[in-house]
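Visitor: Could you walk me through this one? I keep hearing terms and want to know where they come from.

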Amino acid sequence: MNKQRRQKIRDVKKEIENCKENLQKILDEEQDYFDNIPENLQGSMRGSDSEDAIDTMENCIEDLENIINELMEI
């Protein structure tokens, strides 16, 4: 692989890292929201939707971390 293509991969990796950071910020906001819902409402549809969103974002962040790690090996 030549230098130019390696640089393109580094650029893509940086973009993915930025996406991961932005998603983490949204996850933190959603987690704060869920944590501040009264306990009796955490089991409601709104609380359940929030938990689902948190789980999905956590999985996506983990996937992005795996992609970043794979790109570092190139």
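**Helices side by side**

Guide: Let's start with packing: the buried residues of α3 pack against α1 (3-35) and α2 (39-42). Keep in mind that this is a predicted model, where local features need pLDDT of at least 70, side-chain atom pairs count only at pLDDT 80 or more, and totals for chains, interfaces and linings use all residues. Residues are numbered from 1 along each chain as its sequence is written, and side-chain values use heavy atoms, leaving out hydrogens and water.

Visitor: What makes α3 a helix, and how many residues has it?

Guide: Helices (H or I, at least four residues) are DSSP runs, numbered from the N terminus. α3 covers residues 45-72, which is 28 residues. From first C-alpha to last, α3 reaches 41 Å, close to the 40 Å expected at 1.5 Å a residue; that expected span is 1.5 Å times one less than the number of residues.

Visitor: And what span does α1 have?

Guide: α1 has 33 residues and reaches 47 Å, close to the expected 48 Å.

Visitor: Which residues of α1 are buried?

Guide: Buried means under 20% relative accessible area (1.4 Å probe, protein chains only). In α1, the buried ones are Ile 9, Lys 13, Ile 16, Glu 17, Leu 23, Leu 27 and Phe 34. What covers them includes α2 and α3. In α3, the buried residues include Gly 47, Ser 50 and Ile 54.

Visitor: Why is Glu 30 called partly exposed?

Guide: Partly exposed lies between buried and exposed, and exposed means over 50%. Glu 30 has a relative accessible area of 22%, so it is partly exposed. Glu 30 sits in helix α1. Leaving aside its neighbours within four places in sequence, Glu 30 is in contact (heavy atoms within 4.5 Å) with Ser 50, Ile 54 and Met 57.

Methods:
Helix = DSSP H or I, 4+ residues; strand = E, 2+ residues; numbered from the N terminus.
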